Amino acid sequence: MSYTDFIVQETCKLLAIDSPSGYTDNAADFVMTEFQALGYAPVKTRKGGVLVDLGGADADDGVLLETHLDTLGGMVAGIKSNGRLRVTNIGGMNANNAEAENVRVVTKFDGSYEGTLQLTDASVHVNGDYSTTSRTWEHMEVVLDEHVSSKEDVQALGIGVGDFVCFDPRTRVTEKGYIKSRFLDDKLSVGILLGYAKYLKDEHITPARRVWGHVTVYEEVGHGGSSSVPEGVTEAISVDMGCVGEGLDCTERQVSICAKDSGGPYSYPVVRGLIEAARRAGVDYAVDVYPHYGSDVEATLRSGYDLRHGLIGAGVYASHGYERSHRDGVENTFNLLRAYLG
């Protein structure tokens, strides 16, 4: 099995585990187990993330690779008198592209229930305002796949305010190598980090600098990377999704090196070093400026850590929607990590 095959396989396993921000323990336990199976000794942080020492020679000039396994999602905000659920979004989940998606409502004590996120009064043959209604969360509701018609019926199932609403990822890998799913941001990069860790063990590689991995669990709500930086780390690189869209050069088959996003420019020495490593290794890459983006490493810097910082990722189209990447983008990101870290 190639490292790319391994990465895609691990990504698909992780995508099958619901993990909206705040409900990530099951996914974090999976990542812990996978690192342990590779021969590492990961630890779970108090916030619920996974921190792992990948080895390396210079512990006083360490590099922290930050990925995140938390995703967008929803939460029950109220139960209507007709048994439908009001929903509030978690992170940047957008009602426009969440409509008609299958969901799981995870209760606190009574298991989970299936349903669908729909526009309120979603029958075109009944609702004359269907086409003109704004798709905002106040106009959306979860229709449970249960025999319920009142608030009391729903409460009897154990469903209540604060329960998580998890959206079906609909993961598919095509014969042409495209990877399609919700939440490739950023589970695809967690898979890449696992692939890089496997490569180090398989090839008995000791990087020149100590390398740490931090799989965070609150990136989508802004504070994933704000803690748990090991002693000796001087540089943090967010391995997240690379943006694909109008005005940008990156495609799903490349690795993107971000020079600037909404939080400002990334460290010039790091950006330059990543470009040099990509050129040296023959990696297919693009350098872009992201107009609407924030990363884990920016949360790290805002928390007061004195670090250089960078951002790379496999190209992902339709971010925060039904996303698409490609095996080539995975391979180019993996190869850039190998080339940059030595």
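## Salt bridges and a helix pair

Student: What does glutamate 99 count as, at 21% relative accessibility?

Tutor: Buried means under 20% relative accessible area, exposed over 50%, and partly exposed in between (1.4 Å probe, protein chains only). Glutamate 99 has 21% relative accessibility, so this residue counts as partly exposed.

Student: What kind of model is this?

Tutor: Residues are numbered from 1 along each chain as its sequence is written, and side-chain values use heavy atoms, with hydrogens and water left out. Local features need pLDDT of at least 70, side-chain atom pairs count only at pLDDT 80 or more, and totals for chains, interfaces and linings use all residues, in a model that is predicted.

Student: Which side chain meets glutamate 99 in a salt bridge?

Tutor: A salt bridge is a side-chain nitrogen of Lys or Arg within 4 Å of a carboxyl oxygen of Asp or Glu. Here the N to O distance is 2.9 Å.

Student: How far apart in sequence are the parts tied together by glutamate 252 and arginine 324?

Tutor: Their side chains form a salt bridge, 2.8 Å from N to O. Glutamate 252 lies in the loop between strands S14 (242-244) and S15 (255-261), and arginine 324 in strand S19 (residues 323-326), so the pair ties together parts separated by 72 residues. Strands (E, at least two residues) and helices (H or I, at least four) are DSSP runs, numbered from the N terminus. The answer is 72 residues.

Student: Is arginine 209 buried or exposed?

Tutor: Arginine 209 forms a salt bridge with aspartate 61, with closest N and O atoms 3.3 Å apart. The pair links strand S3 (residues 58-68) to strand S12 (residues 209-216), 148 residues apart. Aspartate 61 is partly exposed at 23% relative accessibility. At 19%, arginine 209 counts as buried.

Student: Which residues are linked with Asp61 and Arg209 in a network of salt bridges?

Tutor: The structure holds 20 salt bridges. The network joins Asp61 and Arg209 with Glu235 and Arg308.

Student: How are H1 and H5 oriented to each other?

Tutor: The axes of H1 (residues 3-15) and H5 (residues 184-202) come within 8 Å and cross at roughly 135°. Axes are lines fitted to C-alpha atoms, for helices over the stretch in contact, with angles from 0 to 180 degrees between N-to-C directions. Under 35 degrees counts as roughly parallel, over 145 as roughly antiparallel, 65 to 115 as roughly perpendicular, and the rest as oblique. H1 and H5 are therefore oblique.
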